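Please look over the sequence and the structure shown here.

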Amino acid sequence: MKYDRVYNFSAGPAMMPESVLVEIAAEMLNYRGSGMSVMEMSHRSKVFQQIRDEAEADIRKLMGIPDNYKVLFIQGGATLQFAMIPINLMKNGVACYIETGAWSKKAIAEAKKYGDVRVVASSKDRNYSYIPDCSDLDIPEDADYVYICENETIHGTTYFKLPDTKGKILVSDQSSMFLSRPVDVSKYGLIYGGVQKNVGPAGMAIVIIREDLIRDDLDPKTPVYLSYKTHADADSLYNTPNCWAIYCCGKVFKYLLDLGGLEEMDRINREKAAILYDFLDSSKLFTGAVEKKDRSLMNVPFVTPSKEQDAEVVAATKAAGFDNLKGHKSVGGLRASIYNAMPKEGVVALVEFLKKYEAEHA
């Protein structure tokens, strides 16, 4: 069956693989003979327990997650992690943050409520259009961790080389690049990602945390839900979890495994991104907003010579069937988010449209 769908370049919630959506639709009213939808069933049932267990097993296989790491499915999205991380990991009350855009900036502001936050590198001087040199950071001996946003959704930068943390725990917000390329989990103390960009529907974050970082000596006033130990001890079933998101994410994990894993997904993503960046580099009208060495493969911001023309192009793309290409107000211009589920054909079609627009408006 052919579905009438637009090419959705939204930064999130974003596209999901069409084959996954078709499978979900087929199971909507009656999940595998249970007589009910996943949205209706008890999170304590054997049927849902199997869904949860398979989802965890599949993401462990996808990412090669070591046995000494816990996988947690936590409501609240990535934003809740801005607080949960300092609450749980600040033993000495000191943490180092690298400021590379809007999301690391928000994480810094939240962490300052819980301790001494040192911004040890920043790219604020050029509106976060690059990743700063992180090879020799001034990290104090009593720092509990070093925090990065590994892919900045709004500003379109990503790390291709991790910071030298001087032996301190590395914490990474991978929301916009989660499951887009292979990752060596053992290099991190904690990885998390809001799932609404590359994995599933909004409303949940996946946290991958090394077991020795899960504490039972938090401030007694800490809300029980904000303790990683709460979720780890209950296998993410302390309260009613986001059952629907876990189910949908599990479908995407299987889709990625069937595709060939994260190595194959990375190859596809690099190919897609090259199509768009090669056009931008050759264009006389459109200009990429990020230094070449730090360009995200997921979020591609670009501009025309004027704000007025930016708005005109956005309107033209919308009329042509391309959705959500307006850039964030802090960067302006346009932004194409080309996550895992964006097909190569969508990027090719966008580039052809932009070429035609440029030819007509040169």
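The buried residues of helix H4 are covered by several elements, including helix H3 (77-89), strand E3 (94-99), strand E4 (116-122), strand E5 (145-149) and strand E6 (151-152). This is a predicted model. Helix H4 itself spans residues 102-111, and its buried residues are Ala102, Ser104, Ala107, Ile108 and Ala111. An α-helix has 3.6 residues a turn, so residues three or four places apart point the same way. That spacing can be compared with the positions of Ser104, Ala107, Ile108 and Ala111, which are among the buried residues of H4.

The protein as a whole can be taken next. Its secondary structure consists of 9 helices and 14 strands. Along the principal axes, the C-alpha atoms fill a box of roughly 65 × 60 × 30 Å. How does the radius of gyration stand against that of a compact globule? For 362 residues such a globule would have a value near 21 Å, and the protein has 21 Å, so the two agree. Of the 362 residues, 56% count as buried. Contacts between residues at least 6 apart in sequence were also sorted by separation: 68% of them join residues at least 24 apart.

Strands of a sheet pair through backbone hydrogen bonds, either parallel or antiparallel. Here 3 strands form an open sheet with antiparallel pairing, in the order E11-E12-E14. Strand E11 (287-288) and strand E14 (334-337) are the edge strands, each pairing on one side only. E11 is joined to strand E12 (residues 299-303) by 2 bridges, and these two strands run antiparallel. Within this pair, threonine 287 stands opposite valine 303 in E12.

The last stop is a loop. Threonine 240 is placed between helix H5 (228-233) and helix H6 (243-259). Is threonine 240 buried, exposed or partly exposed? Its relative accessible area is 46%, so threonine 240 counts as partly exposed, since the exposed class begins over 50%. Apart from neighbours within four places in sequence, threonine 240 is in contact with His43 and Gln75. Histidine 43 is 197 residues from threonine 240 in sequence, yet their C-alpha atoms are 6.3 Å apart in space.

Notes:
Residues numbered from 1 in each chain as written. Predicted model: local features only at pLDDT ≥ 70, side-chain atom pairs only at ≥ 80, totals over all residues. Heavy atoms only, no water. Pairing = 2+ DSSP bridges. Helix = DSSP H or I, 4+ residues; strand = E, 2+ residues; numbered from the N terminus. Rg over C-alpha atoms; globule rule 2.2 N^0.38 Å. Buried < 20%, exposed > 50% of the residue type's maximum accessible area, 1.4 Å probe, protein only. Contact = heavy atoms within 4.5 Å.
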